[in-house]
Amino acid sequence: MRARRDVYQAIADPTRRAIIGMLAEQPQNVNTIAEQFDVTRQAISLHVKILSDCGLIFIRKEGRDHICEARLDSLSEVSVWVEQYKKHWESKLDSLESYLEQLKKERYGK
Amino acid sequence: MENEKSSTHDRELIITRKLNAPVELVWEVWTQPEHIAKWWGPNGFTNTITTMDLVPGGVWELVMHGPDGKDYQNRSIFKEVVPLKKIVYQHFAPSFVTTVEFEAQGEETFLRWHMLFESAEQMIRIVKSNNAAEGLKQNVDKLSVYLEGRKATTQS
């Protein structure tokens, strides 16, 4: 399974929800965020990257700092609906995928 | 990224998937009615394909039978058919154009599924009604509530 980058994935994880919450109050740099969690900085960097890939935060470079800002406008109702609709089509592909597996088994016994 | 956005970016949907099957098999299950009926979802639905004339200008009619006993008619016209490579069809009511591209990658196939709607507004309407039809609203509502909570935090 490859990783999917959507708002659902973004908020599926409690740490990421906490990060969004913190950034919603004020922009912070990655190190400051990391200090507030009991996990490695690498783990936080990965969460930040996922949130950024999902378009929920924007990372701005200021000298050596990477300032993260929440982009909550991207969480408008519309984008949520679209993501849900996309999931509907993704599930069609899931179904195609498993049907192909089934056919291959029937035909080639593998 | 901004510069790469096309003029269709706000009215299209693109999904891709690498399928663990050769392109001949993927093409077969995509183009033969008895196969399509088996996988054309959504979950809990069954499908009847009444017509599938896979040539440019050919009609494709499919009825999805919902778990609630409701039938959903789908009517499309194929616009372009390139064996083992590409299928383009115009779907009606709602109106959108789907382009499915097949790319052979050895024993695997890369599938690119592109849906182009008439306008961003029309896309949103379709998206909303589709979600409602599938009973997905609850999830979305939950998420919306969560997001509203986050926004409230920002503004306070």
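Guide: Let's start with one pair: A:Phe58 stands opposite A:Glu69 in β3(A). Bear in mind throughout that this is a predicted model.

Visitor: How do you know that β2(A) and strand β3 of chain A are paired?

Guide: Pairing needs at least two bridges between the strands. Six bridges join β2(A) to β3 (residues 65–70) of chain A, and the two run antiparallel, so they count as a pair.

Visitor: What makes β1 and β2 the edge strands of chain A?

Guide: The open sheet has three strands, in the order β1-β3-β2 (chain A), with antiparallel pairing. β1 and β2 (57–62) of chain A each pair on one side only. There is a helix on this sheet too: α2(A) packs on it and touches β1, β2 and β3 of chain A, its direction making about 90 degrees with that of β3(A).

Visitor: Why are α2(A) and α4(A) called roughly perpendicular?

Guide: The axes of helix α2 (residues 14–25) of chain A and helix α4 (residues 41–53) of chain A cross at roughly 70 degrees, coming within 10 Å. Roughly perpendicular covers 65 to 115 degrees, and therefore α2(A) and α4(A) get that label.

Visitor: Which residues of α2(A) and α4(A) meet?

Guide: On the α2(A) side they are A:Thr15, A:Arg16, A:Ile19 and A:Ile20, and on the α4(A) side A:His47, A:Val48, A:Ile50 and A:Leu51. The residues of this contact divide into five nonpolar, two polar and one charged.

Visitor: How many helices and strands does chain A have, and where is confidence lowest in chain A?

Guide: Chain A has five helices and three strands, following the pattern α-α-β-α-α-β-β-α along the sequence. Its pLDDT averages 83, and 82% of the residues score at least 70. Confidence is lowest in helix α1 (residues 7–12) of chain A, at a mean of 68, and highest in strand β1 (residues 28–29) of chain A, at 93. Where pLDDT is low, the predicted coordinates should not be read in detail.

Visitor: What share of the residues in chain A is buried?

Guide: Buried residues make up 25% of the 110 residues in chain A. As for contacts in chain A with a separation of 6 or more, 56% come from residues 24 or more positions apart.

Visitor: Over to chain B. How many helices and strands does chain B have?

Guide: Chain B has four helices and seven strands. From the N terminus on, the elements run β-α-α-β-β-β-β-β-β-α-α. Of the 156 residues of chain B, 14% count as buried. Among chain B contacts between residues at least 6 apart in sequence, 31% join residues at least 24 apart.

Visitor: What is the order of the strands in the open sheet of chain B?

Guide: The seven strands go β1-β7-β6-β5-β4-β3-β2 (chain B), with antiparallel pairing. β1 (12–19) and β2 (46–52) of chain B are the edge strands, as each pairs on one side only. On average, neighbouring strands of this sheet are turned by 20 degrees against each other, direction ignored.

Visitor: How do you know that β6 and β7 of chain B pair?

Guide: Same test: at least two bridges. Ten bridges join strand β6 (residues 96–105) of chain B to strand β7 (residues 108–117) of chain B, so they pass.

Visitor: What lies between β2(B) and β3(B) in their hairpin?

Guide: Six residues, and B:Gly57 in the turn has a positive phi of about 90 degrees. Six bridges join β2(B) to strand β3 (residues 59–65) of chain B, and B:Thr48 stands opposite B:Val63 in β3(B). β3(B) and β4(B) form a hairpin as well, with five residues between them and a positive phi of about 90 degrees at B:Gly69 in the turn.

Visitor: Why is B:Gln122 called partly exposed?

Guide: Buried takes 20 or more other C-beta atoms within 10 Å, and exposed takes 12 or fewer. B:Gln122 has 14, so it is partly exposed. B:Gln122 is found in helix α3 (residues 120–133) of chain B. B:Pro94 is 28 residues from B:Gln122 in sequence, with the two 8.7 Å apart in space, C-alpha to C-alpha.

Conventions: Residues numbered from 1 in each chain as written. Chains lettered and ligands numbered in written order. Predicted model: local features only at pLDDT ≥ 70, side-chain atom pairs only at ≥ 80, totals over all residues. pLDDT = per-residue confidence, 0-100. Axes fitted to C-alpha atoms, helices over the stretch in contact; angles between N-to-C directions. Parallel < 35°, antiparallel > 145°, perpendicular 65-115°, else oblique. Contact = placed C-beta atoms within 7 Å. Nonpolar A, V, L, I, M, F, W, Y, C, P; charged D, E, K, R; others polar.
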